Amino acid sequence: MAEIEKFLVDPNTLWVLMGTILLGLSSGVIGSFAFLRKRGLMGDVLSHAALPGICLAFMLTGSKNPFFFLIGATVTGILASLAIHAITRYSRIKEDTALGLTLSVFFGIGIVFLTQVQHSDQGNQSGLDKFLFGQSASLVGEDVWVMGGVAISLLLFSLLFFKEFKILCFDPGFGRSLGFPIGILDTVLMIMLVVAVVIGLQAAGVVLVVALIITPAAAARYWTERLDVMLALSAVLGGLSGALGTVLSSLSFHLPTGPLIVMAATFVFVISMVFSPRRGLLAKAIRLARVRKQLARERVLQSLYERREQGDFGDVEAEALLHKSPMPPRRLRSALIFLQKNKWVRMYKRRGILHIRLTEEGSVQAYDTVLRQRMTEVWMMHESEIGGSIRDREDGMVADHIPPDIFDPLWNLLLRHGMEPKWNPESPAAPLREGGISS
């Protein structure tokens, strides 16, 4: 409790908290555009390219004024961006190689300048080495004012040109056809990314600032399909990561703030990656399990139907089903339990061997299942003739109900290819029933 009270009354800690929250907000928004433009590695390059600019600013002015650092780092960041563009445009070198070359060259120059500064008369007072790994505790009011002003400017600029950046991220070709200056917009976005990287250097450092740029955006992408919601959510997650890292650093035993901010952002990302309702790993695992169960049920019904189609109306042994449609025995048991519960099959044991038999209602379901599968096959062969789609479910499975407007054309194609079901418990043209065998 005493630690919390000390945190709330310590002005230096409050300055750091305010600075890291503003940094997280702006980084989240700019990082979203960079993420959608697939410029994540560019942030890493720009953060390393900012180091020589910071050193040059100190060597020329002899001052640790954050405004001069911002100007110097922005200049070298823009030079690095132009160098990457020139290398990829005027040579055969690919973009990934150009990124690696630019990063290593600019960072090497920065280390040379940093070493020179450290051996100068002002080297002991410079503290420029803190920009390698960040030192949020060194933030003072002047630093926060500059950082906050730049962060708010980036947020306002993103809001003002939201429509243009949206077109740039999703369909630059279409935007160019409408007369938008796509090249200029891309350059502006790159400059904004440079500035966002630069203002985060003192807090997170050259090595870790790119994580603060990209991680909140990647986490936000798991939760939404809308760009405006993604920007807002990414800003909130970035600000939350900055606040959480600062609080943990203040309440812990002298742990650095920058790495804790990145760890907090990574924790948020992991939570999003696992638990987001549509894109998360848990949701995907649940959907995959559901699809596998349904496929097992359909394969059982298909196997039972095809035996009747061949004139075999006797009961079927479970081993024969496994031989016809290989699947794990536990999945077969689960499918049979579901089918028996819905009264589509009857099961009994004779001499220790499990036998399965279709019920009257199960025969209809088996017919519908086989008909849907075969209609899917002919639709894929004649998609240009029929149009539409019967794979309209999120899990990629065949739709439970064939749309009426394409049912007749598909049935005629089945007859043409001789693929129509040969055994029907009702009539050869019985329509598919809605519902299927979904759980």
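Me: Which residues form one aromatic cluster here, and what counts as an aromatic pair?

Reply: Rings of Phe, Tyr and Trp (its six-membered ring) pair if their centres lie within 6.5 Å; planes under 30 degrees apart are stacked, over 60 edge-to-face, and the rest tilted. In this structure, F33, F157, F161 and F165 make up one aromatic cluster. The model is predicted: local features need pLDDT of at least 70, side-chain atom pairs count only at pLDDT 80 or more, and totals for chains, interfaces and linings use all residues. Residues are numbered from 1 along each chain as its sequence is written, and side-chain values use heavy atoms, with hydrogens and water left out.

Me: How many aromatic pairs does the rule give, and how are the rings of F33 and F165 arranged?

Reply: The count comes to 6 aromatic pairs. For F33 and F165 the ring centres are 5.2 Å apart and the planes stand at 55 degrees, so this pair is tilted. Helices (H or I, at least four residues) and strands (E, at least two) are DSSP runs, numbered from the N terminus. F33 belongs to helix α2 (residues 11-36) and F165 to helix α9 (residues 162-170), so the pair ties together parts that are 132 residues apart in sequence. F161 and F165 are also a tilted pair, with 6.4 Å centre to centre and 50 degrees between the planes.

Me: Are F161 and F165 buried, partly exposed or exposed?

Reply: Buried means under 20% relative accessible area, exposed means over 50%, and partly exposed is in between (1.4 Å probe, protein chains only). F165 has 0% relative accessibility and therefore counts as buried. F161, at 27%, counts as partly exposed. F33 is buried.

Me: Which residue lies over the face of F338?

Reply: A charge sits over a ring if NZ of Lys or CZ of Arg is within 6 Å of the ring centre and within 35 degrees of the ring normal. The residue over F338 is R297, at 3.7 Å from the ring centre.

Me: How many cavities does the search find, and what lines the largest cavity?

Reply: On a 1 Å grid over the protein atoms alone, a cavity is a set of points where a 1.4 Å probe fits but cannot get out; a pocket is an open set with protein on both sides within 12 Å along at least five of seven lines, and lining residues have an atom within 4 Å of a point. Grid points are joined across faces, edges and corners, and a volume is the space filled by probe spheres set on the points. The whole structure has 3 cavities of 30 Å³ or more. The largest cavity holds about 160 Å³. Its lining has 12 residues, with P66, F69, V198, I199 and Q202 nearest the centre. At least two lining residues come from each of α4, α8 (141-160), α11 and α12 (201-221).

Me: What is the volume of the second largest pocket, and which elements give two or more residues to its lining?

Reply: The volume is about 380 Å³. Of its 15 lining residues, R39, S81, H85, D186 and M190 are the closest to the centre. The elements are α4 (66-90) and α11 (182-199). In α11, 13 of the 18 residues are buried.
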